[in-house]
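Welcome, and take a moment to look over the sequence and the fold.

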Amino acid sequence: MNQSCTYTLRRTAAIGAAIAIVAASSAFGFGASAASAATDETAAPSTTATSAPQDATTDPAPTPTPTPTPVATTTPAADPATTTSAAAEQPAPEASTPVTWADPSTEDAPIVLTATAGQPFSHTFTAQGGGGGPLEYLFNPLSFDPSNDVNGWSWNEQTGVLSATPKSTIDGPALFEVTATDQHQSAVQYVQVDIEPGAPVGVTFGVDSSDSDVSWQVDADGTIREYTPGGTGETVVSEVPATVGSSMTLAGLAVDALGNRTTPGDGYPRSTVTSTTASDAVAWDPKWSSNTVTFSEPGTRTLIVSEGGVSTSFTVRVSETPAPADVAGIVIGVLPADEASGDRWGVEGDVITSYPEDGDPKEVDAIPARQGDRVQIRALAVDADGQPVGDHADLTFSSDVASDRIEYDPEAAATWVTFEHASPHTITVTAGDVTSTIHFAVQPTATTAVSTTHTGPASGTLAYTGADESGPLAWALGLLASGAGLLVWRLRRRLG
C-alpha cells in the first residue's frame, strides 16, 4: 500500500508539474503546440493492469512494484487575452499601390482641355492608387509666369481643382505639369488648356488719312479714339474728318467682347468696306491686306467695316479741299556726311544757326566745309503758321559755283551737295517765289578726296534747343531735322 500511495503521489505531482510548465510557457509566449509536441515525444502510450482487491486478513503473495506509466497530458486552451503574440501587437502595414493617371501624357503630347475667354473654367484632376489616403496635387505652370498671369489661373492642391475666367487668347495655350503624390510615390500628368475667343461682337480697326497726320482707332462698339502726334493721349470724337479727293486706309478684325480676335487662321483677314455715299471708291490692297476709301464729293457718310460675320460702322465728314496755303518761308537743316560729327546747322531765311555737339547754339556767317566734302540738306516750305506746304521734292536747289554737284535722294527725302572746289559757296533753295540761301566756307585740303559715288544718307538729328520758340517756323525745323515730318509728307503724296 505504501508503494501504491507513493506512486499515486508521484503521478499527481507529475501531472501538476506538466500543467504548471505548460501554463508558464504560455505566459512567456511559447506556443502551446510546442509544449504538446515535447510531451508526446517522451510519453509512450500504454495500458496498466489492475490487480484484484486482496483479503485484508490474508497474507498476499509478494506483488511486484509496477513501473509508473507516463500519462499523456493535453495542454489547456490558451486565454485569448493572455496569448496575443508580440507580432500581433504591431500595426499591420497599409496596403499601397502605385499612383497612376487614367490617361497617359507627356510634355510633347499633353492632355488637351478647352476654355472660353470671358467664361468660368474649372477642371478637377483625379489620379488613382497610393496608400489609401487622399492624394495631393502639385501644379507647375510651364507656359507662363504666375506672377504676370493675365488670365488669373488658380488651383487647389488638396482637391486638385484648376480654375480661371480667362481673358486673353494672345499668350496661347496654358501648359501645366500636375503631380499627384501620397508623399511616398507620385505620377505626373501634362495638361494643355486651349483658350478660345468668345462670340464675335464687332470689328475693330485703325484709320489713317492721306491729308492728316492724325490717326484714329475705332472700337468694336463704334467708339472713335483720336490720336494726335505729340499729344498726351487719346480723345474720343464723334466723327472722322476728310477732304474731297483724300483717302482713308483701314483693315478690320472681328473680336469678342474682350477684344480677342475671333477669325481663325494665321493670315490677316480680308475685311470689306461699304459707304453710304455711292460715289466713294473702295479698293482692296492685297499686299497690305487693307481697304482704301477715296472720297469724291463733300458731305457726311457712314462707312461700314465687316469681317468674320460681324460689322462696325463710323461716321466720316468730308469737306471741300481747301486752297493751297501760301508759302511764307523755308526751314532748312544741314547735316555733315561724317556721321561721327555731332555738329548741325539750321537756316531760316538767310540766318544760319550753328548747333555744335559741345556748346551753345550761335549764329554764324557760313557753314564750314572742306574741299571734297558732301553735306545733306533737309528742307520744307511752310506757311505763315509754320505748317508744311508740299514736301522736299517740290523745292529747287542751285549753287553759285558751277562745279558743285547737287543730287536729290528720294530715300532720305533730302538733297546732297558735293563741293569740288575750295571757295565760298552759296546754295539757294526755292519754293515758288520764296527763297532761302545757305552760305558755305569751303577750305582746301592737301589731298583732295572727291566722292564719285552715292554712299547713302547720313544719320542724325538737328537739335533745335535755344531757338526762338515764339517764331512760327521754330517747331517745324526740329520736326524737319528728325526726318519724321519728311516721311509723313512723302507718305501723304503717295496715298493722295
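In which strand is Thr415 found? Thr415 belongs to strand β29, which covers residues 414–418. Strands here are DSSP runs of E with at least two residues, numbered from the N terminus.

Before going further, a word on the model: it is predicted, local features need pLDDT of at least 70, side-chain atom pairs count only at pLDDT 80 or more, and totals for chains, interfaces and linings use all residues. Residues are numbered from 1 along each chain as its sequence is written, and side-chain values use heavy atoms, with hydrogens and water left out.

**Around Thr415**

Is Thr415 buried or exposed? Thr415 is buried, with a relative accessible area of 3%; buried means under 20%, exposed over 50% and partly exposed in between, using a 1.4 Å probe and protein chains only. The side chain of Thr415 makes a polar contact of 2.9 Å with the side chain of His392. Such a contact is a pair of N or O atoms within 3.5 Å; within protein, one must be able to donate a hydrogen and the other to accept it, and residues adjacent in sequence count only if both atoms are side-chain atoms. Leaving aside residues up to four places away in sequence, Thr415 touches Val375, Gln376, Ile377, His392, Phe397, Ile406, Glu407 and Tyr408, where contact means heavy atoms within 4.5 Å.

Let us move to strand β23, residues 351–355. Because 4 of its 5 residues are buried, β23 is largely enclosed by the rest of the structure. The table lists pairings of strands, which need at least two bridges found by DSSP.

| Strands | Bridges | Direction | Opposite residues |
|---|---|---|---|
| β22 (344–348) and β23 | 5 | antiparallel | Val347 and Ile352 |
| β23 and β24 (362–364) | 3 | antiparallel | Thr353 and Glu363 |
| β25 and β31 (434–443) | 4 | parallel | Pro368 and Ala441 |

β22 and β23 form a hairpin with 2 residues between them, and Gly349 in the turn has a positive phi of about 65°. The hairpin of β23 and β24 has 6 residues between the strands, and there Gly359 takes a positive phi near 125°.

**An open sheet**

The β25 and β31 pair is part of an open sheet of 4 strands, in the order β25-β31-β30-β27, with mixed pairing. Its edge strands are β25 (367–370) and β27 (396–399), each pairing on one side only. From one strand to the next, the twist averages 30°, with axes fitted as lines to C-alpha atoms and angles running from 0 to 180 degrees between N-to-C directions.
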